[in-house]
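This report describes a single protein chain, going from the overall picture to selected strands and loops. The sequence and the model come first.

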Amino acid sequence: MRISSPFRILPLVVLATIAALVAACGGDPTPTPTRAPQATSTPTATAAPAATATPTRAADPVATATPTVAPIADPTAEPTTGSLVTLVAHQTLGNVLADGAGNVLYLYTRDERETSNCSGGCLTAWPPLMTDGTPQAGDGVNADRLGVIQAPDGKSQVTYNGWPLYYYANDAAPGEATGQDRGDVWYVVSAFGGPIFTAALVNLSTDGPLGAHLVDNSGRVQYLYTRDEKSVSNCSGNCALSWPPLLSVDAPTAGEGVTGDRLSTTVRADGSKQVTYNGWPLYYYAKDVKPGDTVGQDRGDVWYLLGPDGGPIQTSAAVTLSASAMYGDILTTVGGRSIYLYTRDEPLVTNCSGGCARSWPPILTVDAPTAGEGVDGTLLGVISRGDGSKQVTYNGWPLYLYANDEKPGDVVGQARGEVWYVLNAAGEMVVEAIPQPVASSIANFSLQDLTIAVGETVRWTNSDSAPHTATSGAPGALSGVWDSDDLTQGQSYDFAFTEAGVFPYFCTIHPSMTATVTVTAP
Ligand SMILES: [Cu+2]
C-alpha cells in the first residue's frame, strides 16, 4: 500500500504543501520514509532536490528532508480543519470527486445512506476521508450535500449526498482511479452525488409491492421523471442532486428481464452520460437509504419506478383529459402524455406484450386508478398482465403510452398501423383529426398567394412590426367576403372557405399589398 490511512488525515495545508513539492520535483506524491528510495535515483534520496535547492523552500519545515515529514504522518495525527471535497476531471471517468490534493474519492455500494458498512480490512484498503470540522466544498461540489458520520472510533468521515467517501489505498497519485469497479461495489463519485459506472448494469427486481422494476447492480431502484423528454433530461441543479442520474461511461448492459436494445445513454450538460431505458433517463433518489427502498415513488406525481416494458409504474395511476389541437379532448396522464388504445385488444384483454409493450408501454398501476376532471371514474378498471403487473383500462380498453412520443402533447402514435388511437372522454377511439388551419404569414409587407380546398380554413398571422389587414377584394373595391381588421404583430385571423373560387385580397393599410386565395372544389 502506497498511501497510508494516517497520511490521508493530514491537515490540508500539509497536503497542499506536499502536493506543491511533488509538482516541483515531479516525484511521488507521498514522500513517506518507506518510499524515499523511489523518489529519486540519486543517492541522496531523502532530500527532495527541488525542495532544498531554494532557500525559501528550506525555510519551510515541511519542505525539508523526510525525517521531519515522518512525525506528521503519525497515525494519531488529527486534521485541524474541515477536509476539502472538490471535483477533478478524470481522463476516462469524467468529473469525479477528489480531495483537496486531487486524490480520487469513492463510494461503496454496500453502504447505506449516511452509514458505512466498511470495517476492518475494508478500511485498510479503502481509507475513509476523515475530517475535523465542517467539510469544505470546492468548485462543482454542493456544500449543502456534504456531511459527516461518526466512525466507531469517534472520528468523522465525510459524506456526500449521503454516501460515505473513501480513498483507495492502491491509488498512487492524485487523479488515479484504480479502485474503480473493484468487486463491482466501489465507484468514483459524480458531482451529483452518485456512482459513475464504467458500464452500468440495469437489472430487474421483483421485490416489494410495486411489481417488477428496474434497479442498478446493487438493487437500488431507478426512477423516471415524467417531465423529461425522450432521451433528454430536464432534471439538473438541485433536482439532479436529489435525483442523481445513473451514469455510465461506456454502453450500459442489461441484466435478465431487461431488454438490452432499449438501453442507451444521453449526454448531460456536464458531458456525463446518463443511462436511458426506452428513452427515459434513469435516476436514483438520494433519500433512498438502501437497496430496495422506494422512498422516491410518486414524489410530486412526477417520479416513478419503471416496469420492464420501460414505462412508469404508478402507485395509483391517474387518467385525465387534455385538450389536443389535433384531436380535441383526449385521455392523457396527469403530465399530459397521450394515452392510446389498441384495436387488436379485446375488452379487458391485452394482446400487446413483448416488443409491442416496449413500444407501447402499458399504463401500470398498483392500486386502483383515479379519474381526473372530465374522466368518468366508473369507466376505469384494472386488468392483470401476464407478468403480474396491473394495467389500467377505460371503457374496457387497456391503456398504453407510446414510447416515441417525446413530450406531453405529442400524438406521434396516433393511427400507427391503423390500430393505435387516442381516446375521448367517453372511452371511444378518436380517428378523425380536427382540420388544422392553413397558415399564411404576413411578412415583409407582403401577402401570400394561396391555393386551398373548399372547407379549409386560412389563418393569417402578421409577422411584421407594422399592422396589416387581410381583406377580401381589391383597393377601392371591397368584396365583403372577409376582413381581418388591423392585425398587430403576432395577431392572427381565421377564415373558413366554403365555396370554390378565386378571391383577391389586400391590405387596407398598405393597398400595394395584394394577393389571391384560390379555393378548389373537392
Ligand atoms: Cu399592410
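## Terms and basis

Two strands are said to pair if DSSP finds at least two bridges between them. Helices (H or I, at least four residues) and strands (E, at least two) are DSSP runs, numbered from the N terminus.

The model is predicted: local features need pLDDT of at least 70, side-chain atom pairs count only at pLDDT 80 or more, and totals for chains, interfaces and linings use all residues. Residues are numbered from 1 along each chain as its sequence is written.

## Overall composition and confidence

The chain contains nine helices and 38 strands. Of its 522 residues, 41% are buried; a residue is buried if 20 or more other C-beta atoms lie within 10 Å of its own, exposed if 12 or fewer, and partly exposed in between, with C-beta atoms placed from the backbone. Two residues are in contact if their C-beta atoms, placed from the backbone, lie within 7 Å. Among contacts between residues at least 6 apart in sequence, 65% join residues at least 24 apart.

The average pLDDT of the chain is 87, and 85% of the residues score at least 70; pLDDT is the predictor's confidence in each residue, from 0 to 100. Over residues 1–79 the pLDDT is below 50, and this stretch has 103 contacts in the model beyond near neighbours in sequence.

## Strand E33 and its partners

Strand E33 covers residues 457–462. Strand E31 (residues 438–442) pairs with E33 in the parallel sense over five bridges, and Ser 441 has Thr 461 as its bridge partner in E33. E33 is also joined by five bridges to strand E36 (residues 492–496), and these two run antiparallel. In that pairing, Arg 459 stands opposite Asp 494 of E36.

The side chains of E33 alternate along the strand.

## The surroundings of Asn 462

Why does Asn 462 count as buried? Asn 462 has 23 C-beta neighbours inside 10 Å, and therefore counts as buried. Leaving aside residues up to four places away in sequence, Asn 462 touches Ile 442, His 468, Leu 487, Thr 488, Gln 489, Gly 490 and Gln 491. One of these, Gln 489, is 27 residues from Asn 462 along the chain, yet their C-alpha atoms are separated by 5.2 Å.

## Two open sheets

Strand E29 (residues 420–423) pairs with E30 in the antiparallel sense over two bridges, and Val 422 has Val 430 as its bridge partner in E30.

Another open sheet of three strands has the order E22-E21-E25, and its pairing is mixed. Its edge strands are E22 (328–333) and E25 (370–371), each of which pairs on one side only. Six bridges join strand E21 (residues 318–324) to E22, and the two run antiparallel. The bridge partner of Ser 324 in E22 is Gly 328.

Strand E19 (residues 303–306) pairs with strand E13 (residues 223–225) in the antiparallel sense over three bridges. Leu 224 has Tyr 304 of E19 as its bridge partner. E19 also pairs with strand E20 (residues 312–314), again in the antiparallel sense, over two bridges; here the bridge partner of Leu 306 is Pro 312.

E19 and E20 form a hairpin with five residues between them. Gly 310, in the turn, has a positive phi of about 85°.

Most residues other than glycine have a negative phi. Asp 181 is not a glycine, but has a positive phi of about 75°. Asp 181 lies in the loop between strand E8 (163–164) and strand E9 (186–189). With 14 other C-beta atoms within 10 Å, Asp 181 is partly exposed.

Asn 395, also a residue other than glycine, has a positive phi near 55°. Asn 395 sits in the loop between strand E27 (390–394) and strand E28 (397–398). Is Asn 395 buried or exposed? Asn 395 is buried, because 20 other C-beta atoms lie within 10 Å.
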